[in-house]
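Thanks for coming, everyone. Please have a look at the model on the screen before we go through it.

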Amino acid sequence: MLQRATLMTAEQMAASLDSLAETLLSRYGASQDLALVGIQRRGVVIAARLRDRMEERLGRSLLFGSLDITLYRDDWTSAGPKPSVGQTRIRFDVEGKHLILIDDVLFTGRTTRAALEALSDFGRPSKVELLVLVDRGHRELPIHPDYIGLRCETARNDRVDVLVHEIDKEEAVYIVTDS
């Protein structure tokens, strides 16, 4: 039987994003080379929320993009006969930029690996850092986030669901376990 427990409420998610935005601003607020890139789907929503918070404080626009990694995944052929491919929108030159790659949950590291490969098609940024709302552990690759909203211990077969209003009509982070 599946059981679901709340890891973060909507208020806790907002507070975490506020804190992450403040951290980024304190490190890179004055930089014109900073760009936020969200990984489709929920990573883009989280990235947009961070961008909005940061732009409000800075009084200027930030470079922003979205990245679909479907065809870069090492398991895309097992995703069925017709994988769902989203949009990649990076309308700026990544050459020499400082990119913050943003995703909702970090698990094995394979999504991040695919994102790094996809980004390489756009040029060579000066630096790429990883920001995740939830780090649940169980890495299969040597990938570690630079910025974390919540670190939580999970069992390998658990699932962490990040729900956002824009996609799910609900706002929360849940851990789903099979007991």
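I will go through a sheet, a helix, a strand, one threonine and then the aromatic rings. Keep in mind that this is a predicted model.

Let's start with the open sheet. Three strands make it up, in the order β1-β8-β7, and their pairing is antiparallel. Which strands are at the edges? They are β1, residues 2–8, and β7, residues 159–163, and each of these pairs on one side only. On average, neighbouring strands of this sheet are turned by 25 degrees against each other, with direction ignored. Helix α1, residues 10–28, packs on the sheet. That helix touches β1, β7 and β8, and its direction makes about 45 degrees with that of β1.

Look at one pairing in detail. β7 and β8 run antiparallel and are joined by five bridges. β8 covers residues 172–178. Here R159 stands opposite V176 of β8.

Now helix α3, residues 110–120. Which of its residues are buried? They are T112, A114, A115, A118 and L119. The arc they cover around the axis is only 160 degrees, which puts them on the same side of α3. As a reminder, an α-helix has 3.6 residues a turn, so residues three or four places apart point the same way. What covers the buried residues of α3? The cover includes four strands: β2 (34–39), β3 (63–67), β4 (98–106) and β5 (127–135).

Stay with β5 for a moment. Seven of its nine residues are buried, so β5 is largely enclosed by the rest of the structure. β5 pairs with β4 in the parallel sense, over eight bridges. Within that part of the model, L101 stands opposite L130 of β5.

Back to α3, for T111. This threonine is found in the helix. Is T111 buried or partly exposed? T111 is partly exposed: its relative accessible area is 23%, and the cut-off for buried is under 20%. Leave aside neighbours within four places in sequence, and T111 is in contact with I39, I69, R73 and D103. T111 and T70 are 41 residues apart in sequence, yet 8.9 Å apart in space, C-alpha to C-alpha.

Last, the rings. R136 has its charged end over the ring of F107, 3.8 Å from the centre.

That's my tour. Comments, please.

Key
Residues are numbered from 1 along each chain as its sequence is written. This is a predicted model: local features need pLDDT of at least 70, side-chain atom pairs count only at pLDDT 80 or more; totals for chains, interfaces and linings use all residues. Side-chain values use heavy atoms; hydrogens and water are left out. A charge sits over a ring if NZ of Lys or CZ of Arg is within 6 Å of the ring centre and within 35 degrees of the ring normal. Buried means under 20% relative accessible area, exposed over 50%, partly exposed in between (1.4 Å probe, protein chains only). Helices (H or I, at least four residues) and strands (E, at least two) are DSSP runs, numbered from the N terminus. The arc is that of the directions from the helix axis to the C-beta atoms. Contact means heavy atoms within 4.5 Å. Two strands pair if DSSP finds at least two bridges between them. Axes are lines fitted to C-alpha atoms, for helices over the stretch in contact, and angles run from 0 to 180 degrees between N-to-C directions.
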